[in-house]
Amino acid sequence: MVASRTPDWSRVRLHVVTGKGGTGKSTVAAALALELAARGGRVLLCEVEGRQGIARMFDVDPLPYVERRIATGRRRDDHPPGSVHALHIQPEAALLEYLSMYYKLGRAGRALDRFGVVEFATTIAPGVRDVLLTGKLFEAVQRNSRNKGAIEYDAVVLDAPPTGRITQFLNVSGELAGLAKVGPVRNQADTMMTLFRSPRTAVHLVTVLEEMPVQETVDAIGELEAARLPVGAVVVNQVRPRDIAPADLRAALDGTLDAARISRDLAVAGVHDGPELVTGLVTEARDHAERRALEDAQRAVVAGLGRPTFELPRLPGGVDLGGLYDLAGILAEEGLR
Ligand SMILES: Nc1ncnc2c1ncn2[C@@H]1O[C@H](COP(=O)(O)OP(=O)(O)OP(=O)(O)O)[C@@H](O)[C@H]1O
Ligand SMILES: [Mg+2]
């Protein structure tokens, strides 16, 4: 494992996966869910950005606002796998559900929807949208056998908003500060914050080895810590293969690669393509070495954070469902328990 500290997440019930846009939040959240389900039990994978990324990754129909079993956990030799369920959390539906639960507004709730009140509430009132989303998330994590008919989950994984928004998103009390100072809403917000700040929650950060995403990771960790939210692991995604020896990388950078030797090796491999090919290869090797040097510098910054760290390779053909299971297996190999 690449980790500087081995994480023990056996008590974590809510895994929040954030990161700069496009680094692989959705991919990592899905792989994590498959791996958590490998030990048996049920895992709920949630998304809140209305983009149907889960349905796309798992190759199923767009998800309604209903929990749905979408996959079997990764198979291990020593354990029958559990299952992954998915939920696409929509603020409007969460509000209606909330109203019908607390005020028995079943039919009236639907009328509210018709009159556009729901849309009003979720587009106008700042912060309300996030509180509806986190409220549903909280409900799924806190569920127990008293909630008749509802599935109890061993873990909930959130494909979360990006690093720039994550602290505000989870800081429910702060969002509601101006709206509700006392009363039931305030109490519920405080109960939610207690969960989000407890060791039962872990906020994981996905990055790639480039300057901007790594810097965002550093900043986000600072913000999360300041808000007393529990930081979990850093997942370095899309890592390029590191199969060139350091001496060759140095030579590629210095421009001292041995062109004659490359020609000879090509000839041995049955390629007799002249000097342009060799020049092209030397240029490519230099680009690769430069990129590797930049990546290594960023890897050192990540290591300096002192957080448990996982590295996931860039899958050459992109990520299909099989690829998600492969990435889940790598998380396990690297020590995810
Ligand atoms: N390890 C990997 N190997 C190859 N391709 C990857 C890997 N991880 C992610 N990708 C690809 O990179 C793209 C972005 O990944 P993903 O959608 O998971 O990122 P994201 O952070 O959720 O993006 P967004 O901010 O748009 O929600 C996708 O096309 C995904 O298939
Ligand atoms: Mg995504």
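The model is predicted: local features need pLDDT of at least 70, side-chain atom pairs count only at pLDDT 80 or more, and totals for chains, interfaces and linings use all residues. Residues are numbered from 1 along each chain as its sequence is written, chains are lettered from A and ligands numbered from 1 in the order in which they are written, and side-chain values use heavy atoms, with hydrogens and water left out.

## Overall make-up

The chain contains 14 helices and eight strands. Helices (H or I, at least four residues) and strands (E, at least two) are DSSP runs, numbered from the N terminus. Of its 337 residues, 47% count as buried. Here buried means under 20% relative accessible area, exposed means over 50%, and partly exposed lies in between, with a 1.4 Å probe and protein chains only. Among the contacts with a separation of 6 or more, 73% come from residues 24 or more positions apart; a contact means heavy atoms within 4.5 Å.

## The sheet

Strands of a sheet pair through backbone hydrogen bonds, either parallel or antiparallel. In this model, eight strands form an open sheet with mixed pairing, in the order β3-β4-β2-β5-β1-β6-β7-β8. Two strands are taken to pair if DSSP finds at least two bridges between them. The edges are formed by β3 (68-72) and β8, each of which pairs on one side only. On average, neighbouring strands of the sheet are turned by 25° against each other, direction ignored. Such angles run from 0 to 180 degrees between N-to-C directions, and axes are lines fitted to C-alpha atoms, for helices over the stretch in contact.

Helix α6 (residues 128-142) touches β1, β2, β4 and β5, and its direction makes about 160° with that of β5. Helix α10 (residues 211-226) touches β6 (201-207) and β7 (231-239), with its direction at about 165° to that of β6.

Strand β2 (residues 42-47) has five of its six residues buried, so it is largely enclosed by the rest of the structure. Its pairing with strand β4 (residues 83-88) is parallel and extends over six bridges; within it, Leu44 stands opposite His85 in β4. Strand β2 also runs parallel to strand β5 (residues 155-159), to which five bridges join it. There, Leu45 has Val157 of β5 as its bridge partner.

## Helix packing

| Helix pair | Angle | Axis separation |
|---|---|---|
| α11 (residues 246-254) and α13 (residues 274-304) | about 115° | 8 Å |
| α1 (residues 25-36) and α14 (residues 321-333) | about 70° | 8 Å |

Angles under 35 degrees count as roughly parallel, over 145 as roughly antiparallel, 65 to 115 as roughly perpendicular and the rest as oblique. Helices α11 and α13 are therefore roughly perpendicular to each other, and α1 is likewise roughly perpendicular to α14.

The crossing of α11 and α13 is left-handed, whereas that of α1 and α14 is right-handed. A crossing is left-handed if the near helix is turned anticlockwise from the far one by less than a right angle, and right-handed if clockwise.

## An aromatic pair

Rings of Phe, Tyr and Trp (its six-membered ring) pair if their centres lie within 6.5 Å; planes under 30 degrees apart count as stacked, over 60 as edge-to-face and the rest as tilted. By this rule there is one aromatic pair. Trp9 and Phe310 form it in a tilted arrangement, 5.9 Å centre to centre with 40° between the planes. Trp9 lies in the segment before β1 (14-19) and Phe310 in strand β8 (residues 309-313), so the pair ties together parts that are 301 residues apart in sequence. Both partners are buried: Trp9 has a relative accessibility of 9%, and Phe310 has a relative accessible area of 1%.

## Positive phi values

Most residues other than glycine have a negative phi. Arg228, although not a glycine, has a positive phi of about 60°. Arg228 lies in the loop between α10 and β7 and is exposed, with a relative accessible area of 57%. Gln238 likewise has a positive phi, near 60°. Its place is in strand β7, and Gln238 is partly exposed at 27% relative accessible area.
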